[in-house]
Structures are given as C-alpha cells and as structure tokens.
Amino acid sequence: MPGTAGRRVRLGVDVGGSLNLVGRLVKYLSVAFLFPVAVGLGYGDPVWPFLAASAITLAFGLALERATSGGETIGVREGFLVVTLTWGLAALAASIPYMLDEAQLANPLDAYFEAMSGMTTTGASVLVDIPAVDRAMLLWRALTQWLGGMGIIVLGLAVLPRLRVGGRQLLESELPGPEYEPLATSIRETARRLWLLYIGLTALLFLVLCALGWTGVDELMSPYQAIAHAFTTLPTGGFSPQTRSVEPFAGATQWVLTAFMALAGTNFALQYRALRRRGRPLHDEELRLYVAFLLIGTLLLFLELLRADVFQAGEAAVRHAAFQAVSIMTTTGYASADFAQWTGLATFALVALMLIGGSAGSTGGSVKVVRHLLIGKLLLRELDQTVHREAVVPVRLNGRVVEERTLRAILAFGVIYVGLFIVGAFVLAIEGARAGLELTPFEAIAASAATLGNVGPALGFAGPMGSFEPFSPLAKGVMILLMWAGRLEIIPLAVLFTRRYWRA
Amino acid sequence: MRILVIGAGQVGTTIVEALHADHSLVVVDTDPDRLGVLAYRYDIMTLEGNGASRRVLREAGIVDCDLVIACTSRDEVNIVCGILAEKLAPKARTIVRTRNVEYLEVWLERQLDVDFVVSSELETANAIARVIGLPAARQTEVFAEGQVLMVEFDVAPGMSVGETVGRELREAVIPPDSKVASIIRGGRVLVPRGDASIQPGDRVIVICSPDAARAWGHILSGGRSRAADVVVFGGGATGVAVAGVLLEQGARVRLVESDADRARVVAEELPGVRVFHATGLEADFIERERIGGAEAAIFTMRSDERNLYAATLLKLRGVRFTIAIVDDPASVEVFERAGVDVAVNPRIVTAEEIVRFAHDPRIRQLSMVEGDRFEILDIVVRADSELLGKPFRDLPMTGSLIGAIIRGEQAIFPHGEDMLQPGDRAIIFTESARMHQVERVL
C-alpha cells in the first residue's frame, strides 16, 4: 500500500491468527454454562441467564473465528497475546450471568471484578449479601475458580482438537512457575494428566467432605456445600458460599480443607510422579522449603495468637493458625476466623505470607516458592563471587543446573512483581483517600498483595468477612488488572505494553 | 600370541614396542606414514585401512587372532572395532581404548560386550591419584544393581603397617559389609585365609558394599585423604577425570580453566569441584585464592609449554607438589629436569595398562578372565543344595569364597553365623578349577 506505507508500521504479530485462536477457545467456554443450568434445574433456580450467556459466548466466539483467518503461524510471540486475551474474554463471558440476573452485580464493573476474581482464583468478592444469591449462581462462581485453577488453556490443550499450534508457548504462559515440566512426550498428554489429577483430587475432597456431612461430624456440610468447597479449594480459589467463609464448619472440616489447600499449593507434576512412584518427591528442594514456610507461618501465627489472647492454648489455636497460614500462603483465601480483627503483628505475618505463594506447577498464585528459593541461591552466589571473583558457580535446583537465562527471568519477575505490588498499593491508598474510604495504608498494601497474588480477602473492610464493594470504580479497575497480571505471572501481559513486542 | 592392534598413534606405538619381541603383531591404521615408521623399526605386519571396517579386519586376519587391541584416538572407531571383533573372532580377547569415561561405565555395567575397556583419562587420573598418595580404587565389577562392588585397591608401597595392613586377616580391622577376595603380591595370587595379611605394595581385591568401598579407600590412604587440597589447572577431558577421581577419594579439589564456556561446562559436570575462570597465572588470583597453600597442583592444560611454565611458577609460589601431564614423550625428561615433581604421559599410561592386560590378564582384571584361573560367579542357590542351613563358619575354606548374597532385593555380606537359603543369589569368587564343584554343591 504505497499511500499509507509512510504512516503504518508493519506489525510483527499475527493479530488475526491470534484472535482466531482466541475465538476458537472462547467458543468452547459456552459448554461450561451447562453445569449451572443443570444445577438450576435441580434446585428450581432460574436457568435463563446461563443459557443466554452460553449463547452469547458461542456466538461471540464463532463470530471472532469467522471474522479472522486462522493462520498456522501461532508462534511464540502470538502466544502472549492469545493467553492474555483469552483470560480477559473468559472473565467477560463468566460475568454475563452476573450482569443478567444478580442485583448485587448489576454494575458491569462489579460483575467483571467478580468474574475476574473467579477465573484468576483470587476469591475477592464484591458481594455484600451472599445468602441472597441463588445456588446456581454461587456454584457458577465456584466453577469459574475451578476452571481457572488448572487453567482454561491447559484444559483446551487437553481436550480440544487441533489446538497444537504453539501449544508449548501457551502452556508456559499459563502454568504457574518459571519452567514447564513435561509429564509426557506430548503437550496434549501432559495437559491431560494434569487435568486428570486435578479432577481426581477434587472428587476426593468432595467425597471426604460429603462423608463428614453424612457421618454427622459436620451438620452443616451438605453435598451442595461439599461441591462448592471442592471446586474452590483445589484451585486455591477461596469463594465460599458462606457469608463467614468456612468459620461455621466443624474443626474436622477445617483440618481437611487445610490438608487439601496445602496439597493444591504443591507442584502437580511432583504429585503425579509421586503417584507413579517415580523419583524421590520428598527430596524436592522446593517442596521442602514450601513445607518449611508453612510450618514457620503456622508457628508464628500460633505464638502471636496466644500472646495476644485471641485464642486459648489448645486445638483451636493450632487449627486457626495452621488454617490461616496455609490458606493465605497457598493464596486460597478461606478464613476460619476473621483474621482482619487479629493483632497487627498477626496480620503483618499474613501479608508476608501472601508474598510467598504456592509452588511452581501448582494452582497457587503469587511469587511461588521456587522463585524465592532460586533468588536466595542467586544472592548467595553473588556474595560468594564478591570474594572469589573468578569462581564459576552454576545454580542448581534438585541437582540440575538452572540456566542463567532462567535465573535472569526469575530475578526480573521478582523485581516487576514487587514493583507492581508497590504501585498497586500506592494507587489503592491514594484512591481510597480520594474516595473517602476507611482504608489505612497497610490495608491498601494488603489489598494490593491479595489481588496481585490471587489470594482474595485483604484486611479492613475488604477482610475475609467483608467485601470489596466499597472500593471506587478506579480502584476496582486497578485490582482487576492486578488479578489478571498475577494469574498470568505478569510477563505475558506486560510484554503487550512494550513497543518491541508489536514491531516486526 | 597373535595380536591385532588398531591404531598406530602414541598408544599403539608404545604397545608395539612392548609386545613385538614376544608376539606376532598386525597393526592397522589409516595413515600409511605412521605405519611406515613402525614397519621399519619393528618386525610386524602392517595394513592400511579403517579399523571399523569388517573387510579390513578380515583382511588383517582377525579370525586367527588371540587378542585385539583397538586404540585409535577415536572412541567410536574403537568400539565398533571391538564389537566386530567379538563377532568375527569369538575366541579372541578384545581391548578397547576410550577417552570417554561414560563408555567405561557402560562396559562395567556389562552393556558393552568387550573384554576390557581402558580410558586414557581415567588411567591418567588413577596414576595421578596414586602419585599423590590417595589410593586408586578401581571399580572393576558391579553386581546386584550396584549394591555389591568388586573393587581393586593398590596399597601404597610406603604405607605404614597398622590395624588393617600388615596384620593377619583374622585379627585385622576390616570395614563391615566387605570381604577380602584376593591379595595379589608380585604377580602371585594369594587365597586370603585367616593367616594371610595385606602388605604394603599389594593389590587387594575386595567384594563389598559401596559404603565399605569408601571405608577401604579411607583405610588404605592412611586416613590422609580428607586433608588433601589439590588444584587442577585445565578443564579438558583429562583435567575433569583427574578432578573427578580426586574428589571421589575425598580430596578438596579446585579447578582453574581459562575458557569461560568450558569453565561453565566443568562446573556443571562436577558439582563438588570449585571451578575458577582464570588463567591461574595472575599473581593477584594466586594470592587471593591462596593457591600457594595447596598441597598439590596438577597441570592438564593442552600445551606442554604452558604446563611447564605454570608448574614452575606455582612451585615458586609455594605449592609443595607439582604433577604435569605431558603430550610429547620427550617432555617427561624436560619437566623432571625443570623441577616438576612428576610428569605423566597419558598415552604411555594407557599403553602400559593395555600391555599389562595383554601380558597377564589375571593380575589386572580378575573377573574378566574367562577360562583362566579365577571366575566370578553369580548363581542362584538351588533348593536342594547341600550347603543350605549350615552357618558360614562351618563351610570348608577352599579356593572359593562367597562374597555376598542377594536375598530379595537386599545385599548381605555374610558373617560366620549367617546361612544360605534357597533362592539366594550368591556372588562367588572362585578358582576356575573349582568352578564346576561350586556349581554342583550350590
């Protein structure tokens, strides 16, 4: 085009092909709405919002697919765009039923916040009155977390036909952690095994919770509660259909949930190999550090709870300390007690745990234990090399050498993460002051950490028993971005804002 | 004996030199010039061609050979040649030279069907370890998925007599989970009865667990090994092998390599070795890393000149003991004249090892000797064996010895009160003459 050549810069990214793939992925999301439809039919709740959402999603996906030409050139670059857009649109699709038929979420921004919080397994809610929401809608809310936990693209790779273009790139962008760990020779098979394990664990938790209900250990645990909690525990999501999270449940239930949250925060590839009796999973360095962090967090909370007389010494104190440490560090976000009311020291420990996160390859969010481990090793090496300048010291993880490029990426990730966290906290604090909210700077910090780390509840009015509803629209928009970036581990979203990404 | 030698390089030449007088030799090489030199100097037959070619091997008369030595500088040629030889001349013994230690491991695990594999790098490393005074354990055989080892140790000639060495075996301190299978003294093989003893200068063969092998190494090094502080210069294949062997013996090993990429590769390959990217000759580096305080420095860089300069410099800086690898055979004298304590030529060491095997395989590699004096048997005990239910101390002491038993998945190193059970796998060290008898009673 000679006339326009002077102005238009040729794009280096195949936007059409990317949109085509996004359309193909989003189209299949319409199937997910059938689950709340079935639930709605069973409970006599309205099903039309889900049918409508299903139809809209299908139509939109098909239209997007038709409007663009599907090239076979989905490469490394396009992968970032595909993953980021797919997540944005998936959350949009998930928000349709909220907008159509839930008075508390009639505002599109609120609906999108709730949907993004669901898909990214954050668990921050703008609902104020949960019992007013019907059960089909609450189960849909739980299902969005379950789908987002192991990843909608991983699911797509596992079950959809002809999606193998750029599969590796897509999987790497979506799976949490610095390195993709193949479980099988093909990506498709790896994705399948991960999802099978995920489904298996969810079913197991569902049965255990049901058993607690049937045997009368926990009167409150109905099959409905069991499935809602199974759907939100394994993705480390944290949407409970209870107003006061899991506080009303029996101690045994809370212990079971603690165990499964801890499991959800460990590397699924490691769990898979442990099941197959391959390797020595207990010698995994990340797992050991993960357990150590959990134990230290539990101990600190326990001591502080005793010191401040929040609980008497005994099973309850241990349980609440363990439950909250595990729930927050794995970025689930359930609460067995209103920790927003705990002492400053205890809440400080909780915010620190928010910045640790789960293991690589788990459904947990935040920075991830393996990155802390490797950054620690890098710093040790730096100290070593300041004294011994010529020493060549490869950094090893479980005996295997970690490439320098990976280490650099991890360091960059750490810096960007902290930067985004601080910027987020600032914006929330300033915006909170502008809007006249009762939000202390520390609570703004907690809200930033809780949304970027996909944890969920923060402190203050946004605490576990509260709601994110009071935040101003701008603050909600910022937190939507933080959740989005946090789930995709920032980089796929961040590169889209660089000029070099779009240049040919 | 009719011997076929593939490769007329330095190793091949040294072998020819040692063997030509007593044996009839055929030498194959692709380079006619090298063959010409040999043919004029020694009474041998030469043939120009590729040693990995079946046609060439047949032409060289491999079918009538008693021993085939594949010692070119290329591993793949040697291995193909060895494999072909096993098929073309089943009766001949085959020796393969390799530069890659991995092939040696493959052979030890019996996945490479040749009689003997010599790794130049490993032989050099062992030679250096011996020189430094660390015992060179040579792992000769692996049984039961690595639970049972048969290890040869060289007892240093200057070793002082202690609780183990120089004492009658029935009173000597022997690491648990191990049995002395044989003592070799001056080319004679002794049955280790209770009144026998291990003497300095002997070679000992032990059947033991991996832990016990380390304990033996510790004892036979006089407990000195931990203190050793060694610096290796040069991260080539030889340097890596030397560092690896010394590390295994419990020494503190540092390695200096001047190429950044290579230094990285070495550091990745040897987790226990401290690797530096430096030439190792800068005064500042030597001072800062206290290189002068090392007990020994080993120079394995590619050029003799560099090694000589570095060795001399480090000697000046206070290193007590210097060992250099030399490339040119003539350099050995130059180095020793210049004050380098020991100069080692890897190719000569390799050739010597091959010649030793060719002369008398029994001394070097007992288990490899087929139809010779000793055998290692790996037998499952029958349900009607007459030895069942008898404590070991009551079994007659003959020329054979049960080194270990594998029961279930577990390796047991039997003591006096242990008994054989049906289904046990027994690892037995025996004189060939008694082999059938052993097979019968078990």
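B:Ile69 stands opposite B:Ile95 in β5(B). This is a predicted model: local features need pLDDT of at least 70, side-chain atom pairs count only at pLDDT 80 or more, and totals for chains, interfaces and linings use all residues. Residues are numbered from 1 along each chain as its sequence is written, while chains are lettered from A and ligands numbered from 1 in the order in which they are written.

**The sheet of chain B**

Four bridges join β4 and β5 of chain B, and the two strands run parallel. Strands (E, at least two residues) and helices (H or I, at least four) are DSSP runs, numbered from the N terminus. Two strands pair if DSSP finds at least two bridges between them. Helix α4 (residues 75-88) of chain B packs on the sheet and touches β1, β4 and β5 of chain B. Its direction makes about 170 degrees with that of β5(B). Angles run from 0 to 180 degrees between N-to-C directions, with axes fitted to C-alpha atoms, for helices over the stretch in contact.

The open sheet has six strands in the order β3-β2-β1-β4-β5-β6 (chain B), with parallel pairing. Its edge strands are β3 and β6 of chain B.

| Strand of chain B | Residues |
|---|---|
| β3(B) | residues 45-48 |
| β4(B) | residues 67-70 |
| β5(B) | residues 93-98 |
| β6(B) | residues 116-119 |

**Between the chains**

Eight residues of chain A are in contact (C-beta atoms, placed from the backbone, within 7 Å) with 12 residues of chain B. Strand β1 (residues 391-392) of chain A pairs with strand β14 (residues 274-277) of chain B in the antiparallel sense, over two bridges. There, A:Val392 has B:Val275 as its bridge partner.

Key: Contact = placed C-beta atoms within 7 Å.
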